[in-house]
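Keep the structure open as you read.

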Amino acid sequence: MFKNYFAIAFRNFRKHRLFSLINMAGLAIGISAALVIYLIVQHELNYDRFHANRDRIYRVVSTISFPDMVMNNSGVPVPTVDASRTELTGIEDITHFITAGTMKVAVPVAGADNPVVFKKQEDIIFADNRYFNFIKYKWLAGSPVTALQAPSSIVLTSSRAHSYFGDTDAGQLIGRTILYDDSIRVTVTGVVQDLAGVTDFNFREFLSRATIETNPGLQRRWSWDSWGSINSASQMLVLLKSGVKAASIEKSLAQLRERKREKNPQAESNEKDIISNSLQPLADIHFNSKFDAFGQRQGHKPTLYGLLAVGGFLLLLGCINFVNLTTAQSSNRAKEIGIRKTMGSTVRQLMAQFLSETFLLTFAATLLSVALAPWLLHIFRDFIPPGVSFTTLNQPHVWLFLLLLVVVVTLFAGLYPAWVLTRFKPVTVLKNQAYSGTSQTRKAWLRKVLTVTQFVIAQFLLIAVLVVSKQVHYSLNKDLGYSKEAIVSTYVPWNFFSEKRDDRRFTLYNELKTLPGIERISLAGNSPASNSTSSSTFTFKNGDKKVETMVELKKADTGYFALYNMKLLAGRNLLQSDTTKEYIINETYAHVLGFKNPADAVGHSFGDDGKGFPIVGVVGDFHTKSLHEPIKPLAYSSAMNDCYQIHLALDKHQSPAEWKKTIAAVEAKFKAIFPDEDFQYDFFDQQIANFYKTEQDIARLLKWATALCVFISCLGLLGLVIYVTNARTKEIGVRKVLGASVLQLVRLISRDFLALVLVAFILVVPLAWWAMSNWLQDFAYRTSISWWIFAVTGLGMLLIAICILAARTIKAAMVNPVKSLRTE
Amino acid sequence: MLELKHIYKWVNTGNNRTFLLKDINLTINEGEFVSIMGPSGSGKSTLLNIIGMLDGFNEGEYNFMHESVHQLKEKQRSSLYKQYIGFVFQAYHLIDELTVYENIETPLLYQDIKSSERKAMVADILDRFQIVGKKDLFPTQLSGGQQQLVGIARALIARPKLLLADEPTGNLNSKQGEEIMELFSTLNKEGMTIIQVTHSEKNADYGSRVIHLLDGMIEKK
């Protein structure tokens with residue numbers, strides 16, 4: 001039976017190649033998108049799902065509430081850990097670890113004079129034994145209970161052990177030594193297998209936390225005894241007892257802080273505690289951008305939802321195409337259905353036949369999708385987590401998903417057409433009356449609704465693309481308050497541990513000054529716009545008026561403002577100084593302080609209570625962050641001791657190739673002074689463009705989605721036009737005989753279709769306007785939704801539709817009526 | 001075998017009721033070869049379709065093999081004609097996408113007959129109609145007469161008791177038509193009940209009885 005179905009299905013595909021191809025292409029695009037998006041979403045949602053007790057594991061995080069801003073920090077004050085262990089109930093286990101950032105690792109080699117050095121190793125933490133109660137490893141050597149007990153011990157994962165010691169057997173590694181940052185010598189006490197699951201706990205080297213306990217320098221670095229300072233490196237995980245609510249632990253943590261803080265002589269007990277702790281569920285770590293995930297790439301749930309929506313849309317459009325074209329074509333099959341019915345087929349059997357046909361087509365489309373997947377993975381590469389690749393396709397759950405997709409799409413796309421087809425009455429069909437009758441117009445209604453739906457989706461996405469692109473363009477081209485072209489910056493190495501004064505950066509600065517191709521140079525803090533910021537709460541007193549403000553602090557030298565072309569509105573430039581002695585503030589801060597005219601602010605002082613520094617100038621407002629954020633109070637000071645970034649203004653009139661030469665010369669100078677360090681540099685305009693990476697990613701995703709949607713919709717339109725021109729061949733012939741011109745005929749046929757596109761446009765305008773206005777609310781500085789966006793969308797869509805229609809209708813209208821009437 | 005009592009069928013156009021069939025009373029016994037004749041629009045095909053249960057009627061009684069067709073549900077009716085009736089059409093109505101073999105096999109698929117048995121039955125009938133050599137061709141590759149032969153083979157494959165033929169030779173030349181009629185009369189002699197609609201007196205002569213229709217009514221018996 002099914003053999004017969006499939007045979008006829010195949011022959012039908014062959015006979016109606018174009019329709020089948022359109023149907024398959026539409027479905028394949030939808031299915032490919034769904035497949036790739038499934039891979040992404042599945043990967044992202046799978047983070048850290050493999051841990052035992054994962055529902056009871058929480059990370060303790062901190063929130064610092066300043067008067068006018070709230071800061072989140074994924075760490076906790078270190079004393080919280082020991083106090084919680086002894087004084088809190090309801091907690092089964094606690095572990096605390098320090099993420100060490102990048103470290104220099106030296107591995108001594110037997111027989112060689114010099115050790116093998118790894119300059120910048122990451123994924124290193126200081127952990128205690130209990131860490132392994134939370135994150136379970138397979139131990140190749142050593143024991144989880146004792147490995148990290150003693151100071152100066154280390155546990156490596158097998159991948160790190162391999163890069164340090166080669167193929168040496170894990171058991172042999174116990175007792176080997178490694179030197180960290182030239183000062184911490186440790187002994188290997190364990191080797192574990194790398195975690196197999198998808199995880200943010202990507203650490204590969206576990207130094208014993210006891211090492212810090214015996215090293216005052218390290219304790220200072222991570223504020224070991226302070227209840228008032230929080231370093232995001234200080235991570236605390238808790239395992240709650242079954243049935244204990246996170247909120248109750250949060251409450252006891254707050255009480256604990258209150259008790260401890262008062263005992264701390266440094267704290268001003270009369271002041272309100274601005275730090276509060278909360279529990280972050282394990283599953284939240286990968287997605288909550290308020291708290292970082294140990295510096296790992298985080299997932300972005302809205303983007304995932306966006307992707308799901310896009311995948312759903314594309315799939316829906318493919319199905320709509322299928323329904324449209326199949327029902328439109330149904331008259332072709334009517335005769336067969338009539339015959340089959342007279343031969344005793346039941347409706348159910350016919351349904352089965354048409355569904356199996358749909359299944360076959362969907363299946364073929366799915367195979368095509370799997371073949372297309374690598375290409376799509378390439379297109380969506382910016383959204384695809386590094387763990388997802390073509391090889392991840394070959395997993396049971398992926399095949400299961402595809403199977404499910406095939407079944408769902410088959411039912412979704414096939415059920416209605418099958419139902420329509422099998423309702424044909426054999427008598428009418430065999431008398432060739434299938435075209436006429438009222439049932440035809442009813443089906444046309446549905447097709448119209450579906451076509452309008454397609455064009456609503458396509459046009460909505462088109463408008464979204466235009467608005468997002470316009471905003472990105474606006475962001476990148478707005479006058480930000482400084483120039484950004486041809487400016488390069490590089491960090492000069494620094495070492496916080498070293499007590500020794502390191503003045504090598506000044507040497508480099510002086511050498512670069514004379515380098516040709518460099519117009520201006522500055523040794524300062526961060527660029528005017530930068531991801532890393534440092535802020536303080538400052539008090540300003542003017543008479544009896546007291547203004548307390550959160551102020552962003554930046555460091556500049558005398559050449560900085562000129563280099564970045566920032567406008568000094570009042571006062572003078574900073575004088576060179578080793579530590580902060582005076583400030584230049586931005587216009588916004590001047591306004592916040594109550595000065596209408598920026599010049600009035602010059603001469604006043606502000607700072608921590610008692611020790612203030614004078615304002616010597618006011619700089620015009622500029623954007624330190626993306627346009628999402630409003631401009632906030634800010635102050636520049638000259639403090640050469642904190643300046644480790646060299647800014648270079650290259651010759652704007654030179655070509656990028658010449659810039660490259662200049663940068664190479666800079667690198668040579670750099671290497672001469674810092675032979676052990678890597679030279680890295682960033683173009684400032686690129687850094688700013690990176691602020692809008694999300695938006696640019698969205699724009700790119702939308703562009704693709706839109707292109708695909710428009711393409712699928714056009715395929716659908718093409719299919720319908722072909723059908724209509726075929727069905728109306730006789731009418732066209734008769735009209736021609738009666739004297740209609742080609743143009744009149746084209747107009748006659750096209751009118752209905754263009755009306756559908758217009759209806760879709762009318763529906764989409766308010767919808768898109770509302771949605772995009774909402775999206776733009778996210779930006780403190782935003783572009784407008786201009787009328788031309790809608791005009792372009794509407795006219796563009798109309799034009800595309802006209803092209804498709806013309807291609808087909810003109811051909812139909814040109815046919816010699818003698819021919820079309822004879823074949824009837 | 002079948003009995004029609006006071007069958008009426010009409011369509012309403014505006015306020016007018018147009019009768020397609022008017023008070024048809026007809027009994028057909030097993031083994032008969034009946035020809036229905038009449039001018040265009042006299043209701044021949046409508047009558048045949050009603051007999052074949054492809055079409056309904058507005059009033060009257062229809063008993064087929066001791067079943068009251070007018071009381072049956074669509075599904076039961078379908079299983080009834082599936083079992084007992086074979087159709088032959090003027091336009092052959094072969095499925096263009098299926099080969100000769102597959103066309104003939106199709107009715108068997110709907111009767112849940114096993115694959116091996118199907119093969120034997122189709123081979124049998126191909127043999128009998130001497131079209132074994134054409135079994136892998138598609139309908140469009142055959143002449144009209146050959147197509148009608150396939151159509152008849154298909155109608156007979158499920159061994160029906162009643163063969164309904166709507167102008168089976170209408171699209172054929174006279175020689176092909178004669179061959180088909182010879183075939184019908186042979187089948188009739190073997191015990192098959194046949195009802196055919198025809199325009200041709202010559203064809204009607206092959207049958208045992210002729211029914212004349214005019215404006216939806218039986219003229220004479």
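Start at the contact between the two chains: 19 residues from chain B and 20 residues from chain A take part, where two residues count as in contact if their C-beta atoms, placed from the backbone, lie within 7 Å. On the chain B side, α2 (74–84) and α3 (100–109) each supply at least two of the residues that touch chain A. Helices here are DSSP runs of H or I with at least four residues, strands are runs of E with at least two, and both are numbered from the N terminus. The chain B side of the contact splits into 9 nonpolar, 5 polar and 5 charged residues; nonpolar covers Ala, Val, Leu, Ile, Met, Phe, Trp, Tyr, Cys and Pro, charged covers Asp, Glu, Lys and Arg, and the others, Gly among them, count as polar.

A word on bookkeeping before going on. This is a predicted model, with local features needing pLDDT of at least 70 and side-chain atom pairs counting only at pLDDT 80 or more, while totals for chains, interfaces and linings use all residues. Residues are numbered from 1 along each chain as its sequence is written, and chains are lettered from A and ligands numbered from 1 in the order in which they are written.

Now chain A. Its C-alpha trace spans about 100 × 70 × 55 Å along the principal axes, and it holds 25 helices and 24 strands. Of its 824 residues, 39% are buried, meaning that 20 or more other C-beta atoms lie within 10 Å of a residue's own; 12 or fewer makes a residue exposed, anything in between partly exposed, and the C-beta atoms are placed from the backbone. Among contacts in chain A with a separation of 6 or more, 82% join residues 24 or more positions apart.

What sits in the largest nonpolar core? It has 88 residues, and those with the most contacts inside it are Leu314(A), Leu461(A), Ile463(A), Ala464(A) and Cys709(A). A nonpolar core here is a set of buried Ala, Val, Leu, Ile, Met, Phe, Trp, Tyr and Cys residues joined through C-beta atoms within 7 Å. Elements giving two or more residues to this core include α10 (301–328), α15 (438–477) and α21 (693–727) of chain A. The largest share, 18 residues, comes from α21(A).

Ile663(A), Val666(A) and Phe670(A) are buried in α19(A). Seen down the axis of α19(A), the buried residues fall within an arc of 55 degrees, so they line one face of the helix; that arc is taken from the directions from the helix axis to the C-beta atoms. Among the elements covering them are β14 (487–491), α16 (504–513) and β23 (645–650) of chain A. On the other side of α19(A), Ala657(A), Ala664(A), Ala668(A) and Ala672(A) are exposed.

Over in chain B, there's an open sheet of 6 strands in the order β6-β7-β8-β3-β9-β10, with mixed pairing; two strands pair if DSSP finds at least two bridges between them. β6 (85–88) and β10 (217–218) of chain B stand at the edges with a single partner strand each, so one side of each has no neighbour in the sheet. Strand β8 (residues 193–197) of chain B is mostly covered, with 5 of its 5 residues buried. Thr193(B), Ile195(B) and Val197(B) point one way from β8(B), while Ile194(B) and Gln196(B) point the other way. β8(B) runs parallel to β3 (residues 33–37) of chain B, joined by 4 bridges, and Val34(B) stands opposite Ile195(B). It also runs parallel to β7 (residues 162–166) of chain B, through 5 bridges, with Asp166(B) opposite Val197(B).

Chain B has another open sheet, of 4 strands, in the order β2-β1-β4-β5 with antiparallel pairing. In it, β1 (residues 2–13) and β2 of chain B pair over 9 bridges, and Thr27(B) in β2(B) is the bridge partner of Glu3(B).
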